[in-house]
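The following paragraphs lead through a protein model, from its overall make-up to selected local features. Please keep the sequence and the coordinates in view while reading.

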Amino acid sequence: MPEKITAEKFINNLVETFADTVPKKKSVSFFEEENKSVTSRFNRLFGRQKPIHHLLGGGKSADVLLWRNKKISAGVLIGATAIWVLFELLNYNFLSLVCYAVVLGMLAQFVWTNASGLINRAPSQVPRLVLPKDIFVSIGRSIGSEVNRDLQFLQDVSCGGNLKKFLVVVASLLVAAIIGSWCNFLTVIYIGFVAAHTLPVLYERYDDEVDDFVHMALDQLQYNYRKLDAGFLSRIPKGKFKGKKHE
């Protein structure tokens with residue numbers, strides 16, 4: 001019997017030692033992972049719950065902004081840079097540039113027609129450049145819809161009664177006006193175009209770091225605002241409006 005008791009004790013001690021060495025993952029890690037997933041879901045920038053590609057429209061424009069096709073995205077950015085260099089650095093005028101382009105096109109067609117007539121004894125037909133009307137209709141509709149949506153947003157902010165949102169929009173417009181006074185309209189458009197082609201792809205790649213940094217900054221701003229409100233703003237007396245009585 002002593003040998004049996006000793007063997008049982010040895011087995012029990014072995015099982016207890018093995019149980020102590022194994023980390024208890026089942027309860028702790030489950031809740032930690034769940035809390036992390038919930039926190040990461042609620043700490044997304046602007047409260048987003050969908051991928052950045054879906055927020056940008058999910059079409060070809062989103063593919064260009066997120067550099068899904070690097071050749072097309074680089075070509076668009078290089079084209080915008082070339083236009084900005086022509087008008088801003090080289091000081092070309094839009095009307096003069098259009099006239100130069102039309103003159104070059106007419107010269108190319110003139111040389112093509114006469115050279116083919118001299119070589120082949122029969123002038124070749126120059127292909128006609130005809131733009132479809134649907135392009136202009138779609139551009140006009142898209143511009144009109146964007147303008148109407150922006151106007152509706154501004155009217156909703158003005159008449160919605162949300163003071164915080166109203167002040168944010170007014171401050172943003174004032175900042176845009178100040179930036180516009182520093183440089184001309186074309187430079188502002190180019191800066192926005194470059195930002196649209198660089199910031200989304202950087203945010204998609206480093207979204208966790210950006211979200212953490214933004215939320216830390218927002219928490220610090222809220223802490224400073226609460227401190228200012230408790231020390232100064234809350235002490236400002238609020239008067240009540242009394243209307244005049246008409247006899």
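Residues 24 or more positions apart supply 47% of the contacts in the protein that have a separation of 6 or more, a contact being a pair of heavy atoms within 4.5 Å. The model is predicted: local features need pLDDT of at least 70 and side-chain atom pairs count only at pLDDT 80 or more, while totals for chains, interfaces and linings use all residues. Residues are numbered from 1 along each chain as its sequence is written, and side-chain values use heavy atoms, with hydrogens and water left out.

The secondary structure consists of 10 helices and 0 strands; helices (H or I, at least four residues) and strands (E, at least two) are DSSP runs numbered from the N terminus. Of the 247 residues, 11% count as buried, that is, under 20% relative accessible area, with exposed meaning over 50% and partly exposed the range in between (1.4 Å probe, protein chains only).

The UniProt record, an unreviewed entry, annotates residues 93–112 and 166–193 as "transmembrane region"; such annotations may be inferred rather than shown by experiment. In the model, residues 93–112 are 95% helix and 0% strand, and their end C-alpha atoms are 29 Å apart. Residues 166–193 are 93% helix and 0% strand, with 26 Å between the end C-alpha atoms.

The axes of α7 (residues 133–159) and α8 (residues 163–182) come within 8 Å and cross at roughly 130°. These axes are lines fitted to C-alpha atoms over the stretch in contact, and angles run from 0 to 180 degrees between N-to-C directions. The angle therefore makes α7 oblique to α8, since under 35 degrees counts as roughly parallel, over 145 as roughly antiparallel, 65 to 115 as roughly perpendicular and the rest as oblique. From α7, Phe153, Leu154, Val157 and Ser158 meet Lys165, Phe166 and Val169 of α8. By class, this contact has 5 nonpolar, 1 polar and 1 charged residues.

Most residues other than glycine have a negative phi. Trp67, although not a glycine, has a positive phi of about 60°; Trp67 lies in the loop between α4 (60–65) and α5 (70–89) and is partly exposed, with a relative accessible area of 25%. Asn91, also not a glycine, has a positive phi of about 60°. Asn91 sits in the loop between α5 and α6 (94–120) and is exposed, at a relative accessible area of 61%.

Terms used
Nonpolar A, V, L, I, M, F, W, Y, C, P; charged D, E, K, R; others polar.
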